[in-house]
Amino acid sequence: MTKFLALIFALLCILALAGCTSDADQPPAQDSAATSGSGAQTEQTNGATPADWGITLKAENVTPTGLTIVCEQSGGENVAELNTGSYFVIQAQKDGVWVNVEYLPQEYDLAWTQEAWGILKDSTTTWNVKWGSLYGELPSGTYRIGKEIMNFRGTGDYDKAMAYAEFVIE
């Protein structure tokens, strides 16, 4: 009987894991965006923008393999608990259109962790980003880095939107 229950439990675990899939193999296409000032770009995903929440992103300390994102939060409307995670996307400007930079070939599937890094109200937060293992060394050009921002009000009650900061590699 114990072996039978263990077998049933193992099958249930396998079925539960089979439903877990990842669409993180490539960043989502995000070619249209509205400018929100200070070189930052925003893209609406659920009816709101980071600019509505008082979020502005800037890129500093830019190198071909990384940069520092400076996230400023000031004011905004209907701001609850703002956060982001480790996920980011790099896009290059090609003929006036933003195009996702391709990942380097990976030995294993790419997976992003699910942290919730808080963005405090009326404050400045910085994140150091290194992309060498994902994108390699970027050649000279105009780029933007995107971070998904979440305005969390409660379980099942949140908005998400992409915020961007443009940068140039010379």
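**View 1. An open sheet of three strands in the order 3-4-9, with antiparallel pairing.** Strand 3 (55–63) and strand 9 are the edge strands, each pairing on one side only. From one strand to the next, the twist averages 20°; axes are lines fitted to C-alpha atoms, for helices over the stretch in contact, and angles run from 0 to 180 degrees between N-to-C directions. Strands (E, at least two residues) are DSSP runs numbered from the N terminus, and two of them pair if DSSP finds at least two bridges between them. The model is predicted: local features need pLDDT of at least 70, side-chain atom pairs count only at pLDDT 80 or more, and totals for chains, interfaces and linings use all residues. Residues are numbered from 1 along each chain as its sequence is written, and side-chain values use heavy atoms, with hydrogens and water left out.

**View 2. Pairing of strand 4 (residues 66–73) with strand 9.** The two strands run antiparallel over eight bridges. Ile69 has Trp127 of strand 9 as its bridge partner.

**View 3. Thr125 in strand 9 (residues 123–130).** Thr125 has a relative accessible area of 17% and is therefore buried (under 20%; exposed is over 50%, partly exposed in between; 1.4 Å probe, protein chains only). Not counting residues up to four places away in sequence, Thr125 touches Ile69, Val70, Cys71, Ile119 and Leu120 (contact: heavy atoms within 4.5 Å).

**View 4. Met150 in strand 10 (residues 141–154).** With a relative accessible area of 21%, Met150 is partly exposed. Its C-alpha atom is separated by 5.5 Å from that of Leu82, 68 residues apart along the chain. Leaving aside neighbours within four places in sequence, the contacts of Met150 are Trp53, Glu81, Leu82, Asn83, Tyr158, Asp159 and Lys160.

Notes: Helix = DSSP H or I, 4+ residues; strand = E, 2+ residues; numbered from the N terminus.
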